[in-house]
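Thanks for coming. I have one structure to go through today, so please look at it on the screen first.

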Amino acid sequence: MTQNLARTAGELRAAGHLPRGVKTEIRENLLAALREGRNPWPGIVGFDRTVLPQLERALLAGHDVVLLGERGQGKTRLLRTIVSLLDEWTPVIEGSELGEHPLDPITPESKRRAAELGDDLPVVWRHRDERYAEKLATPDTSVGDLVGDVDPVKVAEGRSLGDPETIHYGMLPRAHRGIIAINELPDLAERIQVSLLNVMEERDIQVRGYTLRLPLDVLLVATANPEDYTNRGRIITPLKDRFGAEVRTHYPLEIDAEVDLVRQEADLVAEVGDHLLEIIARFVRNLRESSSIDQRSGVSARFAVAAAETVAASALRRSALIGETPAIARPVDLASVPDVLRGKLEFEAGEEGREDEVLVHLLRRSIADTARARLAGLNLRALAEVVSDGHPVATGDRVHAGDLLAALPELPILHEVAARMGAGPKDPVGRIASAVELALESLYLTRHLSKDDSSDDDRSVYG
């Protein structure tokens, strides 16, 4: 990709290349994407009309940005996507510590080399992925980590202690001409946050007592959790003032957006139908609205992803146990979600001992709501009468999909139910069984059928 690009500062200058700031670069590339109708935010779901317009305005204004939102709202994912707004390749001085532009060196060493070599200053090309740095703010983070410190090795080599070239640069200077992201900014000690003030306002750094001014060109972005923002830690007032924009994120507002997000992010080891993903999405929505769950800590989107992966794993386990292929998830696999993922939730203090009860209730409500939405208009009375009249249907971890369907006589309503779930007569039997089982569970939850659970063989029988 870089074979035909300039290799020296002279070639770069002859080609008419001019250095431009990273914020200008992002602004121009974002405007180009918007004018051409290209999506500048691939992989970002559910923010189209809320978060993304605000972030785009901030970037067009050239502002440093802090994203404020609960855990699992995609803040870090969103920051990493900004990288796609940088030029794919950019020239840097070969061997320069801070990736300086060949026509605009800023460190003493690079300025000396530029003066000595002139147009022969060697140039290499850096990909945009190398221009993004990310730091998780932890209490043990030091000023040296972010800004820099004296390098004892360079001093030991014989350089004087006052020589600026004895400095070991931290992450911020090394992000020159790029993007630096700080996750969980309030977790930084206040004295460490102070070290960012000059970088954000004067665009330079100060290292100990050195009289060194580096005109840094960086976009500083950060994330913060509202809970941390106000309690465990805080962003100091002068630093908040220096951020040009604060953008609030949120969980997906629509069920379809949550399903799309899970489908995109989950690594599913078995087939999970959209109706099951919708149940999971509704379950997560109900958790976020429940007074039994501590909403200050939130219910992460990672919970929904992990739930889908757990359901798929349950189907794969059943496939291995009874030789059912291909592995296709059924509603019975949803029962594994509360047991496995309960530890990912924070309950209110008054709910101690009722955690399982709360989760099972909300899961059943999610199943009922999904069945009601997907089976609206269908009369399931014929199915309920057949099951009640001597055709009990068993399901469980060791019940084959074919056995579940074989327990029922041929009924037109079964084909209609399968069609509502996107399953046809030529599809694998597991898809049809998954649809029929949702209908049976719906009849049970609306008290048209009974359901007996057997602890001996992990079977449930609708009757």
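A word on the source. This is a predicted model, in which local features need pLDDT of at least 70, side-chain atom pairs count only at pLDDT 80 or more, and totals for chains, interfaces and linings use all residues. Residues are numbered from 1 along each chain as its sequence is written, and side-chain values use heavy atoms, with hydrogens and water left out.

Helices here are DSSP runs of H or I with at least four residues, strands are runs of E with at least two, and both are numbered from the N terminus. Axes are lines fitted to C-alpha atoms, for helices over the stretch in contact, with angles from 0 to 180 degrees between N-to-C directions.

Start with α13 (255–265) and α14, residues 274–289. Their axes are 9 Å apart, and the packing angle is about 115°. The two are therefore roughly perpendicular; that label covers 65 to 115 degrees, while under 35 is roughly parallel, over 145 roughly antiparallel and the rest oblique. On the α13 side the contact uses Ile255, Glu258, Val259, Val262 and Arg263, and the α14 side includes Asp274, Leu277 and Glu278. Contact means heavy atoms within 4.5 Å. By class, this contact has six nonpolar, no polar and seven charged residues. For the classes, Ala, Val, Leu, Ile, Met, Phe, Trp, Tyr, Cys and Pro are nonpolar, Asp, Glu, Lys and Arg are charged, and the others, Gly among them, are polar.

α14 also packs on α21, at about 45° with the axes 10 Å apart. That pair is therefore oblique. His275, Leu276 and Ile279 of α14 meet Ser434, Ala435 and Leu438 of α21, giving four nonpolar, two polar and no charged residues.

What else does α21 touch? Its axis (residues 429–445) comes within 9 Å of that of α17 (residues 355–374), crossing at roughly 115°. α17 passes α21 in a left-handed crossing. From α17 come Arg364, Ile367, Ala368 and Ala371, and from α21 Leu438, Glu441, Ser442, Tyr444 and Leu445.

Now the spaces. On a 1 Å grid over the protein atoms alone, a cavity is a set of points where a 1.4 Å probe fits but cannot get out; a pocket is an open set with protein on both sides within 12 Å along at least five of seven lines, and lining residues have an atom within 4 Å of a point. Grid points are joined across faces, edges and corners, and a volume is the space filled by probe spheres set on the points.

The largest pocket has a volume of about 630 Å³. It has 28 lining residues, and the closest to its centre are Val332, Leu334, Ala335, Lys451 and Ser460. α17 gives the largest share of that lining, five residues. The lining divides into ten nonpolar, seven polar and eleven charged.

The second largest pocket holds about 500 Å³. Gly72, Gln73, Gly74, Arg77 and Arg302 are the closest to its centre among 23 lining residues.

Finally, the whole structure has one cavity of 30 Å³ or more. Its lining includes Arg126, Arg131, His176 and Arg177.

Terms used:
Left-handed = near helix turned anticlockwise from the far one by under 90°.
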